[in-house]
Amino acid sequence: MACEKNIVAQIVEQRKKDIAERGYNFGYEIPKKRERPVIPFMQNRGVILEVKRASPSKGDIAPQLNAAKTALTYAECGASAISVLTEENYFKGSIADLIAVCKAVDNAAVLRKDFLIEEEEIQIAYLCGADAVLLIAGILEKEKLESMIKKCASLGIKAFVEIRTQSDAEKINSLKKYSDTIVCGINSRNLKTFDVDTLVPAMYKSLLGTKVVFESGLLSSNACTKAGEMGFTGILLGEGAARNPDMAKEFVQNFMNAQQNANGIFWTRVAQKIYSNKKNNRPLVKLCGLTNCEDAVYAAKAGADFCGFILSEGFKRSISLQTAEECCREVKNTFDAITVAVLTELKSKKAESVIKLVRENKIDCIQVHGIKYKEAEKILEGIPHYYAVCGDGESLTKKTEDLSFFGEPRFIQDSKNHEYKKPANGELWLAGGITPENVFELVQKFNPELIDISGGTETVTGKKDYGKIDRIFEKISYGE
């Protein structure tokens, strides 16, 4: 659930008070001279693991950790850099942690991660041994951000500049003359609410035109793999590593072994479609159960963002491979709608043929409908796909939690009783008995990012009613 207050504003306000009362060193004794040589920060592809005790959204994560020992463990696991949270009030870190880590680690770069607002804080980080400092574009005016980047350049350390919005990206792009000093990161966590959306980094990655680090929200090794598949040059792991230090090596290896692939490119396309759709002030729409080219073309022309075709056998709206291929070709030749093959099983000859069509880009992706993640994971490795889970109540909640944990950035929840659960790592995609009569109410109640409609756009099963399709778009675009 989103926090009601602007947490980052609270943190910054408290920081200003603490600096006024205790100084930029927060009462700690700072070395007069830097003793540690500067180690290049994120010069190559790699993983940043974080020394993190707590957070505003999760509370205590690892309150008793030993900063130096944890950092050494991370370095031994192959981390390219160690991030040290030094914010005291909300994250329970300290400058003492930074000093301890810098003394202990000599084979990995060290990042001071905090809500820095003045150049003096960068000087302190440098003297303590940090090789980079976090600068959050969202809390710094452009002039101040530039001044702080220049300070980093003068000291020979990196400015790890974090963005979350288009305006943040524009700030960085206006400071390209400092490209040798800047490393870009995109945070999947909204610092105002601390909600997570793991597609946000993919939304803004192309705007930066440079190497980009994916920050926050990755809780499993599977999720690390997915970030690598989307082409990020680095990831920063906070809670995931702090809660599971014994898994740190697997996190690192999974990301480093992952390469950009068709599934990662597909999710980047979806992220950009979501971003572009915001100006429409309506959810994305998937029209499913299309059985012929005429209906498919009408759906795409009406505004469908996804066109779905049921390829598994035994359903009223099941179609042949040949029909699906023809329909997808018609749609893809003229429209930007994403074509979807819906499969309820993956081990038949027909499923193998569908996967082949997706590999050949004749169909854009597969909707893995009602199949458990572990049953589909290996079969669909590198294949553009997303999941659809069915159920209500606790059953649906558990499936949602599992897919969020494994790093699936989006998935459909198909609930006949409309008992949807907002995912922990993204926005809601919903399905189940949606009609022109109830769509407005459901959109108002759940604020979904995508709605999936099949039977609700028909009068006769398998044949779309164009009047109903038109009413769907009228209701979600303009209300009652």
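Buried here means under 20% relative accessible area. The model on screen is predicted.

Start with the aromatic residues: the structure holds 15 aromatic pairs. Select Phe91 and Phe194. Their ring centres are 6.4 Å apart and their planes stand at 40°, so this pair is tilted. Phe91 sits in the loop between strand E4 (81–85) and H3, while Phe194 belongs to the loop between strand E8 (182–187) and helix H7 (200–208). The pair thus joins distant parts of the chain, 103 residues apart. Phe91 and Phe194 are buried.

Next, select Phe306 and Trp429. This aromatic pair is edge-to-face, at 5.7 Å centre to centre with 65° between the planes. Phe306 is in strand E12 (residues 306–310) and Trp429 in strand E17 (residues 429–431), so parts 123 residues apart in sequence are tied together by the pair. Phe306 and Trp429 are both buried.

Two charged side chains come next. Show Arg45 with Phe255: the charged end of Arg45 sits over the ring of Phe255, 4.3 Å from its centre. Then show Lys205 with Phe232, where the charged end of Lys205 sits over the ring, 5.7 Å from the ring centre.

Finish with helices H3 (residues 95–104) and H4 (residues 119–128), whose axes come within 9 Å and cross at roughly 35°. On H3, select Ile95, Leu98, Ile99 and Cys102; on H4, select Ile124, Ala125 and Cys128; these residues make the contact. By class, the contact of H3 with H4 has 7 nonpolar residues, no polar and no charged ones.

Definitions and conventions: Residues numbered from 1 in each chain as written. Predicted model: local features only at pLDDT ≥ 70, side-chain atom pairs only at ≥ 80, totals over all residues. Heavy atoms only, no water. Axes fitted to C-alpha atoms, helices over the stretch in contact; angles between N-to-C directions. Helix = DSSP H or I, 4+ residues; strand = E, 2+ residues; numbered from the N terminus. Contact = heavy atoms within 4.5 Å. Nonpolar A, V, L, I, M, F, W, Y, C, P; charged D, E, K, R; others polar. Phe/Tyr/Trp six-rings, centres within 6.5 Å; stacked < 30°, edge-to-face > 60°. Buried < 20%, exposed > 50% of the residue type's maximum accessible area, 1.4 Å probe, protein only. Lys NZ or Arg CZ within 6 Å of the ring centre and 35° of its normal.
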